[in-house]
Each structure stands twice: as structure tokens, then as C-alpha cells.
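Look at the structure below and follow the text through it. The account starts with a pair of side chains and then turns to the rest of the model.

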Amino acid sequence: MTAPARRRRGRAIGLLALRRLGFAVPVLLLVSFALFALAKASPFDPIERYFGVRIIGASPERIARIRENWGVDRPVVEQYLAWLRHAVAGDFGDSLSLRQPVSEVIGDRMGWTVLLVSAGFALALLLGLLLGTVAAWFAGGWLDRAITATSYTLEAAPVFWLGLAALYVFALQLRWLPGGGLTDAGEALGVGQVATHIVLPMSVLAISQAPWFVLFVRQNLLESFSQDHVVGARSRGLSDRRVVLGHALRTSLLPFLTLVGARLPELITGALLVETVFSWPGIARATVDAALNVDFALMGALTVLATAVVLLGNLIADVLYALADPRVGLDG
Amino acid sequence: MGDQRTWRPVPRSRIAAASTRLPPRWRLIPSAVVLGVVVLAVLVVPLVVDLDQQLVDLASANRPPDAAHPFGTDELGRDVLLRCVYALRVSLTVGLVAALVSSAVGTAVGALAGSVGGWVDRLLMRLVDAVASVPHLLLGIVIVAILRPSLTAVIISIGLTHWLTSARIVRSEVLSLRSRPFVDAAIVGGSSRGRILVRHLLPNVTPQVLLSTTLMIPHAVWHETALSFLGLGLPPHEASVGNMINDAQRSLLTGGWWMSLAPGLALIVVTLAISGLSGVWRDRLNPRRRSELTW
């Protein structure tokens, strides 16, 4: 590519990113407003939840004052705009179930979830590439059949069931690894403690996500074996290894990039369940608590946050795809 | 097969094995048999054995698998296999109804977008993209939280989160059908928009919709199971697969591994059977396109 062409391409990719960001804003507004409206339409009165049983003894003046302070009687749109003003400034209100500002709840837990998700994702990608390539290399052989069959079976298994099985075997029976939490009881938080505690949740998350990647890599690799550039490489007398790893795998990885982005919602869902099984102190527990206690402030913030993460992931995947493959069109 | 350029880094003898797919009956027969047995069990067993009669039998509680109880008994002495049949009955019913609901929603949206076109199409497809950006389970949790956990809440939650695929399929099918001569003929013949949609377009997308509904059932069952496992699904006394695994979680700590074994295995087997069957069906319907998501 010539220098001006490359510059043009760079600008087009920048425009794509901007367009995607432009799409993200209305989506986030829509999602947050829908959640807000649902919360308001639901029969739960936040004031009653705040008081709990004590509402019987509370004076009507006090209830009226809190009602006034919270502004729950104003129109929904007005309340939403007020919420939005605060949310943009980073203030998502107070969580009713944990009695703590929402931003604090998320701030405390976010890091652990990000750690778990990224470690699990990296491991899943590694497994997917490795096993997918092996399966395609030995296509039709027993190793391929074993890998493919295992992938289909694991794909059908619920992730929390896999988590329980791993918990039982490795933590309760073999006692190789700790079964839950972040540290052993009474131990200080340290790198060593976290490193041993993350092994099981991370592996379970990876194993539940990997089958899809394995099957995808295998399929794409098999299809690329009959493409011209691979046949060409083969006919030039390159070794099998060079042809598969250097030529076939590299081109079949391109669509992989966008699909990695598309896989983020599944990953978040899986992390939610894995965290629950292994009592990992991430946002999953907070989500479930929030749902059980109808804690809209926390639930809304978490959902909007997860949506933002997914949109950002898709954006990054698309930009990477466009950067990696000059043939990709940039109009969509 | 016929493609001369096909080359694989494997001995020639294996190329034939890999490139000629297994004949359909290799997937069809086992899947159909498994699914048949499960459906029969789910329908017939509750007629023959009454769960209430052996609701609690503390004398035989917490037994590991033996001849009388192939998957053991739970902490109240109930047979795990029998409970599992009841659980599958609940889970499959929820999955079936929820898949139908989500397909109906998806078909309505997709048909509207595809047949009206223009800004309605763009708006609806943006809506699909927007909903697709919210993680399914999280959205499902919010919906269940607002409606309070119950059977209806779970079905609504699945229906509102899983309609995207069928909406996309129906839209693209309708778009491609719209330009076919028989639709032109209908327009020339004076049919109204609604009549063309109902009489000409929808009947032609029905096979695709049914297929995607079938493929949706395992997803719906999985969603219900996950919600129940988190304590946000069906009420705890209702035996569903998720509730059973959730209950078994406590026994696991005291060594009762068998209580979670049967529900998990049952779920895997049923999922594989359904996706195997729909894989054969999809190959018949659409021989050129194969996805890696079903076998």
C-alpha cells in the first residue's frame, strides 16, 4: 500500500470507530432509560424498601421528607434526566441492598471480575487456537474426533455444573486447590493467595468458553486448506508446518478477531455464573443480591456498565480487524 | 470430495474420511432415539409413579448410587433419577414455551422490518443490535427481578432476550423473497401488503423459523437453568434442572456428588440430541450453509 493510501485507510478506520461510538451513545441511553422506566413501572416502592419493617413506626412527615428528597414523585423523564446527570459525573446513586454508593460497590469488585474474565479469556483463546489447530491437522483422525466430541459435550454442559464438578474433584477430593473465595480464611491478601485461588474459576471459565473457539478455528482452518494461497504455498514445496501455521492459520484468524468481540456477552454471562460457584468477590454476587432485593440503582448501573463493555469490545475487535486486513470494507 | 484442489496435511487415506461427511443417519438415529426416550419418560413416568408418594423417605436419604437408585437419593431420600425426569419435564416445557414466545416476537419484528423496509427496518435492526449488546443473562436477571421469580417471569425473561436470532433470520429471508417473481405477481394481482405478508412471505419463512425455534430450545433451557441456579428462576419447591443443581450444591460439600450428576448429564444429553436433530434438519433445508454451532 502506498503512503497516501495508507493514510486514507487510517482515516477511514478512525471514522469507523467514531461511527461506532456514535452508535454506542444512543444504545446506552436506550438501555438505561428502558431499565429506568421498568424500575419505575414495577410495583416496588423504593421508600418502602428503604424503611423495611420500620415503616410501621416511621412518622408520615419523615416518609414525606424522604420522598421529597429522593424526588420519587416527579415525572419519570425528569427523574431519568437527574439520574443521567449524576451518572455522567460518575455518581450512580446508592445501593439499597448493600447500603453503600453504587460506584463504590462496583469499584471494589470490578478489579476482581476483570482479572478473572481476562485470565479466563486468555486461557480459552490459547486452548481454542491450540486444540483447533491440532484437530484440523489430524482432520478425520481419532484425535480430531476426540477433540470435536469433547467440544460439543462441553458446549452443552452448563458452566456452573462444570464449576461444581471441578470444585468437587480438585478442591474437595484431591485437595490440590482452594475451592472458593479470594484468600484462605484469616490469610492476608497477597499475590500468592490470589494466584492459587484464581486457578479453578479461571480454568472453568476457560473450559466452558473454549469449545466454541476450538470448533471455529478447526472449521476455518479446514476451509482455508483449499484456498489458493495455501495451495500455492504447498506447491512451492514449503513444509507442512510452514504451510499450516504460517499461511493457513494466519488468514483464518482474521474472522476470529470480530468473533472474539462478539463473544463478550457470553463471557460476561459465564463469569457471572463462575463467580457465583466459587464465591469470587466480583460483581456477580452484587448482581444477584441486587436482583433478589430489587435494588434498581445497582442493577441498572451494572447492566449499563456491561453493555458499555460489550460495545467497546465490539468496537476494538472491528478496528483490529480493519487494521489487520486491508480488504475489509469500512462502510458498515 | 469433487474438489481437486482440496489438500490437507494428513495422509490421503484420511482425506476421504474427513471430507465425506458421515451419512445423516449417523446423527439422526442416535439423536432421535435419545430424544424419543426422554420425551417418553417425561410424559409417561409421572403417570406411573407419583412423586408425592416418595416425597420424603429419611431412612434412605443420602444414598450413593446402587441398584435400586441408579443415581442415588437426595437429602430427603428422593430418587435422584426420578426427580430428574420431573425436572426435565419442567425445564423442557419452559424451554419449549419460551422458544415459541421468542420466535413469535422475533418473527413479528423480522417480518415487519423486512416487509416494510425503509426507516422502520433501520430502526428495528438498530433495536436488535442494541438488545444484542446487553448480556442475555444480565437482562434476564433484571426482567425476573422486576416481575419477581416465577414460571411466567422466567418465560418472559427468555422470550424477551432470545428473539434476536429469529428476527435477523426472518428479516433476511423476507428481504430475499420480496424480489422473487411470485411476489411481483401477487402485487400485480392486486394483493395488499398484509395479504402478501401473510399468504406469500410468512409461509415461505416457516421452515427457517421452525428450525431456529428448535435450535432455541436448548438455549432457553440453559437460560432457565442458569436463572434457577442463581435462585432467580422457578420457585425452590418446583423441581427444575437448575433448582436440582442448586440444591445439590449444598450436599456436594459433604461428599454427595451424585445429586448433581444426573441433572447435569440429562441436560447435556438432551442438548446434544436436540442440536444433532436440528443439524440434520438444517443440512436438508440449507445444504450449502453449515454453521459450527450444531453438529
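A salt bridge is a side-chain nitrogen of Lys or Arg within 4 Å of a carboxyl oxygen of Asp or Glu. Side chains of opposite charge can pair when their charged atoms come close. In this predicted model, Asp144(A) and Arg218(A) form such a bridge through their side chains, with 2.7 Å from N to O. Asp144(A) belongs to helix α6 (residues 142–156) of chain A and Arg218(A) to helix α8 (residues 191–224) of chain A, so the bridge ties together parts that are 74 residues apart in sequence. Over all chains, the structure holds 5 salt bridges.

A search of the whole structure gives 6 aromatic pairs over all chains. One of them joins Trp112(A) and Trp280(A) in an edge-to-face arrangement, with 6.3 Å centre to centre and 90° between the planes. This pair links distant parts of the chain, 168 residues apart. Trp112(A) sits in helix α5 (residues 102–137) of chain A, while Trp280(A) is in the loop between α12 (264–277) and α13 (283–292) of chain A.

Next comes the place where the two chains meet. How many residues of chain A are in contact with chain B? The count is 61 residues of chain A, in contact with 52 residues of chain B. Between them the chains bury about 5,000 Å², and 75% of this is on carbon and sulfur atoms. On the chain A side, Phe160(A), Trp161(A) and Leu164(A) lose the most area to chain B, together 13% of what that side buries.

Charged and polar links between the chains can be counted too. There are 0 salt bridges between chain A and chain B, and 2 residue pairs are in polar contact, both at pLDDT 80 or more. Helix α14 (residues 296–324) of chain A supplies the largest share of the side of chain A that touches chain B, with 8 residues. By class, that side has 46 nonpolar, 11 polar and 4 charged residues.

Chain B also carries annotations from a record. An unreviewed UniProt entry gives "domain: ABC transmembrane type-1" for residues 88–278 of chain B. In the model this span is 85% helix and 0% strand, with its end C-alpha atoms 19 Å apart. UniProt, again in an unreviewed entry, lists residues 28–49, 96–120 and 257–281 of chain B under "transmembrane region". Residues 96–120 of chain B are 96% helix and 0% strand, and their end C-alpha atoms are 30 Å apart. For residues 257–281 of chain B the figures are 96% helix and 0% strand, with 37 Å between the end C-alpha atoms.

Technical notes:
Residues are numbered from 1 along each chain as its sequence is written. Chains are lettered from A and ligands numbered from 1 in the order in which they are written. This is a predicted model: local features need pLDDT of at least 70, side-chain atom pairs count only at pLDDT 80 or more; totals for chains, interfaces and linings use all residues. Side-chain values use heavy atoms; hydrogens and water are left out. Contact means heavy atoms within 4.5 Å. Buried area is the accessible area (1.4 Å probe) that two parts lose on being put together, summed over both. A polar contact is a pair of N or O atoms within 3.5 Å; within protein, one must be able to donate a hydrogen and the other to accept it, and residues adjacent in sequence count only if both atoms are side-chain atoms. Helices (H or I, at least four residues) and strands (E, at least two) are DSSP runs, numbered from the N terminus. Ala, Val, Leu, Ile, Met, Phe, Trp, Tyr, Cys and Pro count as nonpolar, Asp, Glu, Lys and Arg as charged, and the others, Gly among them, as polar. UniProt positions are given in the numbering used here, feature names are shortened, and annotations may be inferred rather than shown by experiment. Rings of Phe, Tyr and Trp (its six-membered ring) pair if their centres lie within 6.5 Å; planes under 30 degrees apart count as stacked, over 60 as edge-to-face and the rest as tilted.
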